[in-house]
Amino acid sequence: MSLIHNGRTKLSATALNGTAIASIAAGFITPLGAVSFGIPGARGALRATLFAVAWLAVGGILRMTARPLLGSLRE
């Protein structure tokens, strides 16, 4: 049973980590890049920065949630 548990735990941690990376890329890196290059539609640098920081926090929380999952692996 521990092999099944470990496999499911690794899968869950990987899914959370992937979601964290996607959140950081889509919500943090992309808007800041758009504002810095002056792309039309990227209005309100302050507002975009606040949303980007919020997405960075979401990604960080998801990443920190995935780490303890791996600590519950069984031998």
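This briefing describes the overall shape of one protein chain and then some of its residues.

The structure is a predicted model. The protein chain contains two helices and zero strands. Its radius of gyration is 17 Å, well over the 11 Å that the globule rule gives for 75 residues, so the chain is more spread out than a compact globule.

**Overall shape and surface**

- Along its principal axes, the C-alpha trace of the protein chain spans about 55 × 15 × 10 Å.
- Helix α1 covers residues 2-37, and helix α2 covers residues 45-71.
- Of the 75 residues in the protein chain, 15% count as buried.
- The protein chain has an accessible surface of about 5,500 Å². Carbon and sulfur atoms account for 70% of that surface.
- Among contacts in the protein chain between residues at least 6 apart in sequence, 87% join residues at least 24 apart.

- Thr9 is part of helix α1. Thr9 has a relative accessible area of 8%, and it counts as buried because that value is under 20%.
- Setting aside residues up to four places away in sequence, Thr9 touches Leu69, Leu70, Ser72 and Leu73.
- When neighbours within four places in sequence are left aside, Ser23 is in contact with Phe28, Trp55, Val58, Gly59 and Leu62.

- Thr14 belongs to helix α1. At 53% relative accessibility, Thr14 counts as exposed, because the cut-off for that class is over 50%.
- Thr14 and Leu70 are 56 residues apart in sequence, and their C-alpha atoms are 9.6 Å apart in space.
- Thr19 is another residue found in helix α1. Its relative accessibility is 40%, so Thr19 counts as partly exposed.
- From C-alpha to C-alpha, Thr19 and Gly59 are 7.4 Å apart in space, while in sequence they are 40 residues apart. Gly59 is also one of the residues in contact with Ser23.
- The side chain of Thr19 reaches the backbone oxygen of Ala15 at 2.8 Å.

- Phe51 has its place in helix α2. With a relative accessible area of 47%, Phe51 is partly exposed, because the value lies between the 20% limit for buried and the 50% limit for exposed.
- Phe51, Trp55 and Val58 form a nonpolar patch on the surface. Together these residues have about 290 Å² of accessible area.
- Phe51 and Phe28 are 23 residues apart in sequence. In space, the distance between them is 7.7 Å from C-alpha to C-alpha.

Terms used
Residues numbered from 1 in each chain as written. Predicted model: local features only at pLDDT ≥ 70, side-chain atom pairs only at ≥ 80, totals over all residues. Heavy atoms only, no water. Patch = residues over 30% accessible without salt bridge, like charges linked within 9 Å, V, L, I, M, F, W, Y side chains within 5 Å. Areas by Shrake-Rupley, 256 points an atom, 1.4 Å probe, with all protein chains shown as cover. Salt bridge = Lys/Arg side-chain N within 4 Å of Asp/Glu carboxyl O. Helix = DSSP H or I, 4+ residues; strand = E, 2+ residues; numbered from the N terminus. Buried < 20%, exposed > 50% of the residue type's maximum accessible area, 1.4 Å probe, protein only. Contact = heavy atoms within 4.5 Å. Rg over C-alpha atoms; globule rule 2.2 N^0.38 Å. Polar contact = N/O pair within 3.5 Å; in protein donor to acceptor, adjacent residues only side chain to side chain.
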